[in-house]
Amino acid sequence: MHDASLLGCVALFIGAVNAFSPTDSEFTFLLPAASKECFYQSAVRNGSIEIEYQVIAGAGMDVDFSIVSPQAIHLVSEFRRSDGVHMVEPTEAGDYQICFDNSFSRFSEKMVFFEVIMDSPANDGGADDEWAGLGEPESLLEYKLDDIKESMETVHRRLERSRQMQTVLRAFEARDRNLLEDNLWRVSFWSCVNLLVLLSVALTQVCSLRWLFSDRRRVCS
């Protein structure tokens, strides 16, 4: 009897985790100079969308960002930003438009990373039905189902948040690495230029001193 209850608990745990999981996606793309790219994300009614973006490479490290609702209403508009986080809640049923604009930059392309996290209220309702189907809380190994459910939700939220933070930190690391490589190239280039200038000045001084102290008088025999 206890084994059957334990197996039922494990099966329910797997189903509940799948039910509580938000739908998320991440993408890194190259935004050409003087251009605009838009992406579309479908949403359900009374859900939520969290969008986070970062410019990880390119001169200036900035883009224009906007979110447009299915009713063509501009919910978010940002200009010349390198990163940002935005939450849309509650959502409308339809396709949301997420745009990145680099039209102000004539020559420099940008590499942009963004992540979209979707949360639907329908998932929680299905999880509640599964929990309600188990019967009385006292029959599950002397634990209360409400306490187990709350603990599972808390752990899952923290794990999801940890995964999101790791993704963001990887994007920051990529941006810092690109910035470091760009600065290294600039430092190396100007160091070579300064070295050539110093050598030229030293050679000029040597030639000048030799010319000043050279004996230009002719000896007649």
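Student: Is Trp211 buried or exposed?

Tutor: Keep in mind that this is a predicted model. The general idea is to look at relative accessible area, where over 50% counts as exposed. Trp211 has a relative accessible area of 54%, so Trp211 is exposed.

Student: Okay, and where does Trp211 lie?

Tutor: In helix H3, which covers residues 145-213. Trp211 also belongs to a nonpolar patch on the surface, together with Leu209, Leu212 and Phe213. The patch has about 530 Å² of accessible area.

Student: What does UniProt list for residues 187-213?

Tutor: The unreviewed UniProt entry gives "transmembrane region" for that stretch.

Student: Let's switch to rings. How many aromatic pairs does a search of the whole structure find?

Tutor: The search finds 14 aromatic pairs. To read one, check the distance between ring centres and the angle between planes: under 30 degrees counts as stacked. Take Tyr53 and Phe65: their ring centres are 4.3 Å apart and their planes sit at 20°, so this pair is stacked.

Student: Which parts of the chain does the pair of Tyr53 and Phe65 tie together?

Tutor: Tyr53 is in strand E3 (residues 48-57) and Phe65 in strand E4 (residues 63-68), so the pair joins parts that are 12 residues apart in sequence.

Student: Are Tyr53 and Phe65 buried or exposed?

Tutor: Both Tyr53 and Phe65 are buried. They also belong to a cluster linked by ring pairs, with Phe27, Phe29, Phe39, Phe100 and Phe114 as the other members.

How values were computed
Residues are numbered from 1 along each chain as its sequence is written. This is a predicted model: local features need pLDDT of at least 70, side-chain atom pairs count only at pLDDT 80 or more; totals for chains, interfaces and linings use all residues. Side-chain values use heavy atoms; hydrogens and water are left out. UniProt positions are given in the numbering used here, feature names are shortened, and annotations may be inferred rather than shown by experiment. Patches are made of residues with over 30% relative accessible area and no salt bridge: like charges are joined within 9 Å, nonpolar side chains (Val, Leu, Ile, Met, Phe, Trp, Tyr) within 5 Å. Accessible areas come from the Shrake-Rupley method with a 1.4 Å probe; for residues, only the protein chains shown count as cover. A salt bridge is a side-chain nitrogen of Lys or Arg within 4 Å of a carboxyl oxygen of Asp or Glu. Helices (H or I, at least four residues) and strands (E, at least two) are DSSP runs, numbered from the N terminus. Buried means under 20% relative accessible area, exposed over 50%, partly exposed in between (1.4 Å probe, protein chains only). Rings of Phe, Tyr and Trp (its six-membered ring) pair if their centres lie within 6.5 Å; planes under 30 degrees apart count as stacked, over 60 as edge-to-face and the rest as tilted.
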